[in-house]
2 protein chains.
Amino acid sequence: MRTGTETCELTPHEEIQSRINRFKEKMAGADIHFSIIMGNVDLFYFSGTTQRGILVIPLESDPLLFVERNQERARRESPLTITPIAGHGDVHDILSGKGILRGRGGMELDILPVSTYERFRRICEVDSFADLSPLIREVRMVKSAFEIRQMKRSGKIMDAVFSRAREVIQEGMREIDVEAELNAEGRRRGHQGLLRMRGFNQEMMCLYVISGQAGTLPTAADVTIAGLGVTHALPQGSSLNVIQRNQPVILDYGAGYNGYITDETRAFVIGSLNEKLARAYDVSREIIEETAAFAREGTETTRIFEFARNRARAAKLDEYFMGYGEGKVGFIGHGLGLELNEIPVITARHRQTLTEGMVFALEPKFVFPGEGSIGIEADFIVRKETLERITKTPLDLVCL
Amino acid sequence: MRTGTETCELTPHEEIQSRINRFKEKMAGADIHFSIIMGNVDLFYFSGTTQRGILVIPLESDPLLFVERNQERARRESPLTITPIAGHGDVHDILSGKGILRGRGGMELDILPVSTYERFRRICEVDSFADLSPLIREVRMVKSAFEIRQMKRSGKIMDAVFSRAREVIQEGMREIDVEAELNAEGRRRGHQGLLRMRGFNQEMMCLYVISGQAGTLPTAADVTIAGLGVTHALPQGSSLNVIQRNQPVILDYGAGYNGYITDETRAFVIGSLNEKLARAYDVSREIIEETAAFAREGTETTRIFEFARNRARAAKLDEYFMGYGEGKVGFIGHGLGLELNEIPVITARHRQTLTEGMVFALEPKFVFPGEGSIGIEADFIVRKETLERITKTPLDLVCL
């Protein structure tokens, strides 16, 4: 039915199989005998389709994909055995007929609402389910060659948007005017239309254009620089603030292609930055470039955090590093994939050894209250001997 | 800090008070002694701010708003007493110190993830919580004059987007090209940046541009016409399909202003529709216009559904009405407000008597497999003697 110029690759069948095998190893390690997966993103990851349904992965037998609709589309997209159902109630009879509901079951407890969980608990006549989410997140943490290919396509949208930004940003425009034009550019390049972030109350727009003081307010969102937004009903993102000469303009963009998200930040200025902001920008760039030079498979994430914090401290900028006051966040990087907040999270405390195929965003940023915010975010693939950039956009401050 | 041309109205203090009073009446009726509210939208509705926090409403005393951050912004936006906290653990000591954790508590069980619920259950030393969501949804169902003012501002964004669509839509454009341009128009007019839809796995974009056969595929989403999307990872929305002469083009847009959503659909065609589609369009319009002529305060929603279905049946179009085959949905309208899927839902089964101040979208649509989809969606405020339209865009098919 598609008549456009391109279509997205389906997830290869052998890849689905290998994901399920890796997940079953985690299930065995956690003593979980059957997994019931309902979240859109996890469903897509393990089945290759995002139709309305329930995926059951028994430890000892083949996965079953129950689909309410669309049957035809699920069959075309997924290599798994598909069982049509009219509703959740049908699932119990089939599972208990096959003897699957024995032993310890698991569900996605970090995203599944209590009422859905309770209904399913009654349907399955099970006392409680273990939390699958840590296992799922671990399996998803290491990306395959197929996934990295999708992320590089996502990175091309990113490059196109940052390139177009040089033409779009002008003195006197409001933040939302810049956002409107650049989101349109991303969509025309095939952006999937929205970004996914795991967890309760997580709301995410595709692009944050934040200029001058708008970048200095601590916000509810778990990010360093979230912007004012246009309403206190949704207090994040681009605002009605007008872009002014010699003020930093931050663009934090999430590209999405075939499910896969890249997430980078660049800084622009019409004119030039004052010395303090320019210095902080340089420190951001040094942190990214020097991390890219030493980190690789085997590096511990805590070492990356420590390195960045020490750099900020040496530059006497630690007070402003990763936010100011109550707005300070505890991470300088985060995993990326089908969701914007995957693991590894790069903090002082969560020690994780980098492995080839992990993908993460590194985002050293500084917030100077009453002045403005500045920083860079760049995405990396972990390789055996190095970190590999996903996008091609240079890390330089763009002076217009 | 805002330097733009307008700012959104804060929720009036007396309105917050009246919302809480109405909610306390529902709590008393359901024998709930204290409510713990954590969802962004409900938090905003009852407090006037959307900062990271927890709202506790005890039946017998004043509400307490616990805020992690941003304190200053919460204080500026909310009339409630604000208690700073470092994390959820702090809440227990304060609540138990005040003797609030006695009797039956309630939480939002339709949106709260199991892991958050369990953590809070342990913090509060409570066996289980009742579900607050039905009560909250009932309180939110009837809109105040303030809320209707916001919805009319949202409707102005809608009108601007539909008006601009007449200039934008052209033969040979892809659906995503039209979407990109019109979303940009909406954002420049002050669109809040995203739409909220309540519940698990609900993902919603602002605009769906769907042409020809792209509108005929049943999808996972709970809507009649959801589109193909650009990837099976997110299989809804505008696609790469190219708009062709004499094919219907459906625009389903959600405007959002100061939290409040309007949701309308119009149909466009370059050239003209075939007789079957044109006839179905006329039936859609008749259903909306005739419903607007008889419905008012006191009308039962089931009567609206029956009326519409009978109309479709009389036109021998019931097979295609509200979807075809497995894609058929059971509703022809839904409430609107801070979320896209509020109550009342207009179905054959959920009987609800309309009351002044309810706001709903009425969306008679037809899906003809292999040909295309057609229909209209328009938003109404229930008044004592009539239904009042929110937007000004005419219901006519737009021939370009």
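Modeller: Let's begin with buried area, which is the accessible area (1.4 Å probe) that two parts lose on being put together, summed over both. Keep in mind that this is a predicted model, where local features need pLDDT of at least 70, side-chain atom pairs count only at pLDDT 80 or more, and totals for chains, interfaces and linings use all residues. Residues are numbered from 1 along each chain as its sequence is written, chains are lettered from A and ligands numbered from 1 in the order in which they are written, and side-chain values use heavy atoms, with hydrogens and water left out.

Now to the interface itself. Between chain A and chain B, about 7,300 Å² is buried, and carbon and sulfur atoms give 54% of that. On the chain A side, the residues that lose the most area to chain B are R187(A), F200(A) and H232(A), together 11% of what that side buries. If you count contacts (heavy atoms within 4.5 Å), 79 residues of chain A touch 80 residues of chain B.

What holds charges across the boundary? There are 4 salt bridges between chain A and chain B, a salt bridge being a side-chain nitrogen of Lys or Arg within 4 Å of a carboxyl oxygen of Asp or Glu. R196(B) makes a salt bridge with E203(A), their closest N and O atoms being 2.7 Å apart.

Which elements of chain A give two or more residues to the side that touches chain B? They are α2, β3 (64–69), α3 (71–77), α5 (114–124) and α8 (175–188). Of these names, helices (H or I, at least four residues) and strands (E, at least two) are DSSP runs, numbered from the N terminus. The most comes from α8(A), with 8 residues. By type, this side of chain A splits into 31 nonpolar, 28 polar and 20 charged residues.

One contributor, helix α2 (residues 40–47) of chain A, is mostly covered, with 8 of its 8 residues buried; buried means under 20% relative accessible area, exposed over 50%, partly exposed in between (1.4 Å probe, protein chains only). Among those buried residues are V41(A), D42(A), F44(A) and F46(A). Just past α2(A), G48(A) takes a positive phi of about 85 degrees.

For some background inside chain B, E342(B) pairs with R140(B) in a salt bridge whose closest N and O atoms are 2.6 Å apart. E342(B) sits in strand β11 (residues 342–347) of chain B and R140(B) in helix α6 (residues 133–141) of chain B, so this pair ties together parts that are 202 residues apart in sequence. E342(B) counts as buried at 5% relative accessibility, and R140(B) is buried as well, with a relative accessible area of 2%. K365(B) and E363(B) form another salt bridge, with 2.9 Å between the closest N and O atoms, and both residues are buried. Back in chain A, D42(A) from that covered helix belongs to one network of salt bridges that share partners, along with D110(A), R140(A), K143(A), R198(A), E339(A) and E342(A).

Conventions
Nonpolar A, V, L, I, M, F, W, Y, C, P; charged D, E, K, R; others polar.
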